[in-house]
Amino acid sequence: MTAGPLAGRVALVAGGTGAIGRHVATGLAAAGAAVAVHCHRSAGPAAEIARECGGLAVCAALPGPRSADRLFATVEAELGPVTILVNAAEPAGAAGVAAVADVEPGTLERHLDGVRAHHELCRRALPGMRAAGFGRIVFVSGALMARPMPGMGAYAAAKAAASALTRYVAAEEGRNGITANVVAPGRVAEPDAAEPDDPALRELSEALRRRMALPRFPAPREVARTVVALILPEFDQVTGQTVWLTGGEFTG
């Protein structure tokens, strides 16, 4: 652990091996936090990122019976009480792209697993945060929850539900020194990334660009910087907010 504004704090990054999660983990470590990098199955990448952070790799299938309890018990035994929780996990990703009328029940359930996992993580983290009189929760959502794209209804509904849950945490836990916020990126891409091969996705990218104030999509590192900023002491009056990272997209 290095000196920094988050020195002495323990952070758990759920989905820490993803494009955004890994940058969140390294950013929190650079700010002084002891970081636990969570993965579902990617133990190798999680261990690599944890070594880079000087932290801990932990694998757990979420949601699941007592999975969050076991996950937190491991982190607490190794690093101490968790007072920073970032959920950047994507349990189902973009699985099952289909119109609402065609979404299979099993597909919807896979997406809603993300809501259940977020609830399990918050439920397990909050008692320790209350005891410490300090807590930071950030949920990485997506702009699709407010800007519809045909075929993504199940994904967007799950993101919207978990985002609402996060805002309720903010309303209920603020007097305990706990803030909870949502970061909602649109399309995320490295500046030099090639355009999608799929013509429909390429057309969507162009349509998004025409609505944007900025000239390019945010990169994973830039989304992560926003997540980390919401955890730093100078942002301790920001809670219950959704930060949209869509390149200044205008839809009106």
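For accessibility I call a residue buried under 20% relative accessible area, exposed over 50% and partly exposed in between, with a 1.4 Å probe and protein chains only. I note that this is a predicted model, in which local features need pLDDT of at least 70 and side-chain atom pairs count only at pLDDT 80 or more, while totals for chains, interfaces and linings use all residues. Residues are numbered from 1 along each chain as its sequence is written, and side-chain values use heavy atoms, with hydrogens and water left out.

**Entry 1, the whole chain.** I looked up the secondary structure, where helices (H or I, at least four residues) and strands (E, at least two) are DSSP runs numbered from the N terminus, and found seven helices and seven strands in the protein chain. Read from the N terminus, their order is β-α-β-α-β-α-β-α-β-α-β-α-α-β.

I then checked the radius of gyration, taken over C-alpha atoms, against the globule rule of 2.2 Å times the number of residues to the power 0.38. The protein chain has 18 Å, which agrees with the value near 18 Å for a compact globule because the chain has 252 residues. Along the principal axes, the C-alpha atoms fill a box of roughly 50 × 40 × 40 Å.

Buried residues make up 46% of the 252. With contact meaning heavy atoms within 4.5 Å, residues 24 or more positions apart account for 71% of the contacts that have a separation of 6 or more.

I listed its buried residues as Ile20, Gly21, His23, Val24, Ala25, Leu28 and Ala29. Following helix 1 is Gly32, whose phi is positive, near 105°.

I next turned to Pro63, which is found in the loop between strand 3 (56-59) and helix 3 (67-78). A cis peptide bond joins Leu62 and Pro63, with omega about -5°.

Arg66 also has its place in the loop between strand 3 and helix 3, and I noted its positive phi of about 65°, although Arg66 is not a glycine. Is Arg66 buried or exposed? Arg66 counts as exposed because its relative accessibility is 57%.
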